[in-house]
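Take a look at it first, and then we'll go through it piece by piece.

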Amino acid sequence: MIKLYDSFWNKLSSIDFDDEKLKQLKKLTEEKLINPIQGDYSRWYNAYISLPSVNTTEISPESNAITCKTYESEWNISDLNTSLQQLIPWRKGPFDIFDCFIDSEWQSYMKWNRIEKQIPELNNKVVLDVGCGNGYYMFRMMKQTPRLVMGIDPGLLQIMQFWSVEKYIKSGGCILPLALENMPTSLNCFDVVFSMGVLYHRKSPIHHIMELASTLKSGGQLVIETLVVDGGKTTCLLPTGRYAQMRNVWFLPSISMLTIMLERNGFKNVDCIDVSTTTPIEQRTTQWMRFHSLEQFLNKDKSKTIEGYPLPKRATLVAQKK
Ligand SMILES: C[S@@+](CC[C@H](N)C(=O)[O-])C[C@H]1O[C@@H](n2cnc3c(N)ncnc32)[C@H](O)[C@@H]1O
């Protein structure tokens, strides 16, 4: 598994990534992979290893489903299906791997299509995707030919999903199994940093924003997406317990408060590029994610969460590091 990272470390050296920090990243990554604490890791790894060898002849990373095709016929689609099913639940997607359609819980393309035209230009840029999940958006970024895309996510299942797709669709990117707060500090090297769907999971959102700032070059741009509530500069919701059945939801600021949080922690030119309420069309139970989903987390008339909080509304803001 560690070998999969070799070419990425070389790529990082080629962009003048600080040598000491590169050593730290390698060490942190290797520690996480050598002693995986997530119990099903060996089953996921075996699923990855047992994926059939098939030559990809065509890819369409720009379509809603990240897609690859092959003209080869000497392989068995049920082997592919069996391996990919071992990596259930697939939360982000969809992916279409040689006609095996991974219908993930989230129709992730809906968010990408809402923001794609308004995010900073990625061509030739050094990009970090914090909390990238299985890398769905990293594949979507390929169309804009960034110089390098690095994802980080502590979830090993999502990382095995990424490597499984990457086996057939070379994104050129890589996901390190790290949380943002465990990264070396003051990297100051990324042109564009994404943090989508992470801030509300952090007990300390201000620290998350400060850590994001410390990854960016001066003048670099942050794309931050999070759950928000209606209200003004003094509004923020801290649920007393669960929010839409999620235990790990902390601060839901208004857009004005989020703007203040960014401006007081190293950012300027804050611009809100999208606000949308999530519906069960975008997030739902499927064959590839069989647990309850948003539909079951709302009240009867779908006007509130099951706990009586405002419906999940997400805002995406772009901000520039001072
Ligand atoms: C709600 S998902 C969002 C995934 C994707 N960014 C998206 O917008 O669809 C949150 C992801 O953030 C990851 N995550 C949670 N805490 C994190 C942290 N402190 N640093 C980096 N990633 C984190 C989780 O493992 C999960 O994959």
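A quick word on the ground rules. This is a predicted model, in which local features need pLDDT of at least 70 and side-chain atom pairs count only at pLDDT 80 or more, while totals for chains, interfaces and linings use all residues. Residues are numbered from 1 along each chain as its sequence is written, and side-chain values use heavy atoms, with hydrogens and water left out.

Strands here are DSSP runs of E with at least two residues, helices are runs of H or I with at least four, and both are numbered from the N terminus. Two strands pair if DSSP finds at least two bridges between them.

Now for some rings. The whole structure holds 17 aromatic pairs. Rings of Phe, Tyr and Trp (its six-membered ring) pair if their centres lie within 6.5 Å; planes under 30 degrees apart are stacked, over 60 edge-to-face, and the rest tilted. One of these pairs is F95 with Y136: the centres are 5.9 Å apart and the planes are at 75°, so it is edge-to-face. This pair links distant parts of the chain, since F95 is in strand 3 and Y136 is in helix 6 (residues 136-141), 41 residues apart. Y136 also pairs with Y137, with centres 5.2 Å apart and planes at 90°, so that pair is edge-to-face too.

Buried means under 20% relative accessible area, exposed over 50%, and partly exposed in between (1.4 Å probe, protein chains only).

Helix 7 (residues 156-166) is another buried piece. Of its 11 residues, 10 are buried, so the helix is largely enclosed by the rest of the structure. Among the buried ones are F162, W163 and E166. They pack against helix 2 (19-34), helix 3 (41-49), helix 4, strand 3, helix 6 and strand 7 (174-176). Contact means heavy atoms within 4.5 Å.

Strand 7 brings us to the other sheet. This open sheet has seven strands in the order 7-6-5-8-9-13-12, with mixed pairing. Its edge strands are strand 7 and strand 12, each of which pairs on one side only, and the twist averages 20° from one strand to the next. Inside it, strand 8 (residues 190-196) and strand 9 (residues 216-228) pair in the parallel sense over six bridges, and F194 has V223 in strand 9 as its bridge partner. Helix 5 (residues 108-115) packs on the sheet, touching strand 8, strand 9, strand 12 and strand 13, and its direction makes about 130° with that of strand 12. Helix 8 (residues 205-215) lies across several strands, including strand 5 (126-130), and runs at about 150° to strand 9.

Which residues are closest to the ligand? Of the 18 that surround it, the closest are K111, G131, D153, E181 and M196. Surrounding residues have a heavy atom within 4 Å of it. A polar side-chain atom of D153 lies 2.6 Å from a ligand oxygen atom. A ligand nitrogen atom is 3.0 Å from a polar backbone atom of L180.

Last stop: T305, in the loop between strand 12 (267-277) and strand 13 (313-321). T305 counts as buried, at 0% relative accessibility. Its side chain makes a polar contact with the side chain of E307 (2.8 Å). A polar contact is a pair of N or O atoms within 3.5 Å; within protein, one must be able to donate a hydrogen and the other to accept it, and residues adjacent in sequence count only if both atoms are side-chain atoms.

Conventions:
Axes are lines fitted to C-alpha atoms, for helices over the stretch in contact, and angles run from 0 to 180 degrees between N-to-C directions.
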